[in-house]
Amino acid sequence: MRVGVMIGPERGDSARKVGRMIDDVLWAEGAGMDTAWIPQVPSDFDALIAVALMGARTERIELGTAVVPLQPQHPVALARQTLSAQAATGGRLALGVGPSHHWIVRDMLGLPYDKPAAFTRDYLQVLKAALSGPGPVDVENDTFTVHNPMEIGPVAPLPVFLAALGPVMLRIAGEQGDGTVLWLADERAVADHVAPRITKAAEEAGRPAPRIVAGIPVCLCAPQDVDRARERANRILGEAEVSPNYQRLLDQGDAANVGDIAAVGDEKAILARFRSFADAGVTDLSVRLLPIGENRDELVASKRRTREVIAALAAEVR
């Protein structure tokens, strides 16, 4: 199982944020982490631009988006941006995409959110054709009619992951993608719901075994601080739980909230949780560092202690 770390989004002014993200990815590469996953949220940096910036400063680490929403841009435009970012990274990009949620697409952006699975299937047909360039992109389906030249192509194999939570989306991810990127999926949800469906779809489509990327918060702390860490996870990361998509995924497992999914405690407890995700079928962990503390200095120290332990444990589960 590969272990990667989420980088961004963070609070603060844009000028300083770039430097912090670069510092974080340089640490991740130097510490031997497999991947850095860059979230795309409505109010923060563009994930693919961030990937390009990080790619210019690193040499080895895989850089993934988790995930780019599909509706705000045409698939040909996303393909151009993706191929540009992949070239900037020397071929180390893992593109994670998804249809997002109604409260982002419809309520924030004012765009339709009808039949997201069907839209995603049609979108991926165009996107994958454009990513296989150079050459013309000629695709006609129920959503798109595209006849577009494309003079650039991938500089290396370009994996495409789909944020797939329900059965239909998992089938699409297996048939057309290289894996899925998850959030709010515990071990039982992965083992009983995600892994069997996406793996079967990939097998039936004649595709390689898919990667399953699970995002989890992690906090190194003393046993008496475990409840405190879980409470912090629920406070700062729990807003996504209002989404019906995530609620249905939580219903597939044993966790009631993001705090239950978090790997918290001492080094032994975190390693045990990592191994339980691996046993469930997770191929990649995307660690969201969860520092605790009463002030900035304590939070920074907690973050540093947690990430050093994560780097050490990654070698044990790889």
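How exposed is Arg188, in terms of relative accessible area? In this predicted model, Arg188 has a relative accessible area of 33% and is therefore partly exposed.

## Salt bridges

A search of the whole structure finds 15 salt bridges. Arg188 takes part in a salt bridge with Asp254, in which the distance from N to O is 2.8 Å. This pair links distant parts of the chain, since Arg188 belongs to helix α7 and Asp254 to the loop between α9 (244-251) and α10 (258-261), 66 residues apart. Whereas Arg188 is partly exposed, Asp254 counts as exposed because its relative accessibility is 60%. Elsewhere, salt bridges that share partners join Arg2, Glu62, Arg211 and Asp284 into one network.

Helix α7 (residues 187-204) also holds Glu187, whose partner Arg273 lies in helix α11 (residues 267-280), so that this pair ties together parts that are 86 residues apart in sequence. The closest N and O atoms of Arg273 and Glu187 are 2.6 Å apart, and both residues are buried. A further salt bridge joins Asp34 to Arg318, with the closest N and O atoms 3.2 Å apart. Because Asp34 sits in the loop between α1 (14-30) and β2 (35-38), and Arg318 in the segment after α12 (296-317), the pair ties together parts that are 284 residues apart in sequence. Asp34 is buried, with a relative accessible area of 17%, while Arg318, at 49% relative accessibility, counts as partly exposed.

## Packing of α2 with α3

The axes of helix α2 (residues 47-57) and helix α3 (residues 75-88) come within 8 Å of one another and cross at roughly 15°, which means that α2 is roughly parallel to α3. The crossing in which α2 passes α3 is left-handed. On the α2 side the contact is made by Leu48, Ile49, Ala52, Gly55 and Ala56, and on the α3 side by Leu78, Gln81, Thr82, Ala85 and Ala88. Taken by type, the residues of this contact of α2 with α3 comprise seven nonpolar, three polar and no charged.

## Packing of α6 with α7

Helix α6 (residues 167-176) packs with α7 at an angle of about 45°, their axes being 7 Å apart, and α6 is therefore oblique to α7. Here α6 passes α7 in a right-handed crossing. From α6, the contact involves Pro167, Leu170, Arg171, Ala173, Gly174 and Glu175, and from α7 it involves His193, Val194, Arg197, Ile198, Ala201 and Ala202. The residues of the contact of α6 with α7 divide into seven nonpolar, two polar and three charged.

## Backbone geometry in loops

Two cis peptide bonds are described here. One joins Ala66 and Val67, with omega about -10°, and Val67 is found in the loop between β3 (62-65) and β4 (68-69). The other runs from Gly133 to Pro134, with omega near 5°, and Pro134 is found in the loop between α5 (116-131) and β6 (137-140).

Positive phi angles can be noted as well. Ser100, although not a glycine, has a positive phi of about 60°; Ser100 lies in the loop between β5 (93-98) and α4 (102-105), and counts as buried at 16% relative accessibility. Leu184, likewise not a glycine, has a positive phi of about 70°. Leu184 lies in the loop between β9 (179-183) and α7, and is buried, with a relative accessible area of 2%.

Definitions and conventions:
Residues numbered from 1 in each chain as written. Predicted model: local features only at pLDDT ≥ 70, side-chain atom pairs only at ≥ 80, totals over all residues. Heavy atoms only, no water. Axes fitted to C-alpha atoms, helices over the stretch in contact; angles between N-to-C directions. Helix = DSSP H or I, 4+ residues; strand = E, 2+ residues; numbered from the N terminus. Parallel < 35°, antiparallel > 145°, perpendicular 65-115°, else oblique. Left-handed = near helix turned anticlockwise from the far one by under 90°. Contact = heavy atoms within 4.5 Å. Nonpolar A, V, L, I, M, F, W, Y, C, P; charged D, E, K, R; others polar. Salt bridge = Lys/Arg side-chain N within 4 Å of Asp/Glu carboxyl O. Buried < 20%, exposed > 50% of the residue type's maximum accessible area, 1.4 Å probe, protein only.
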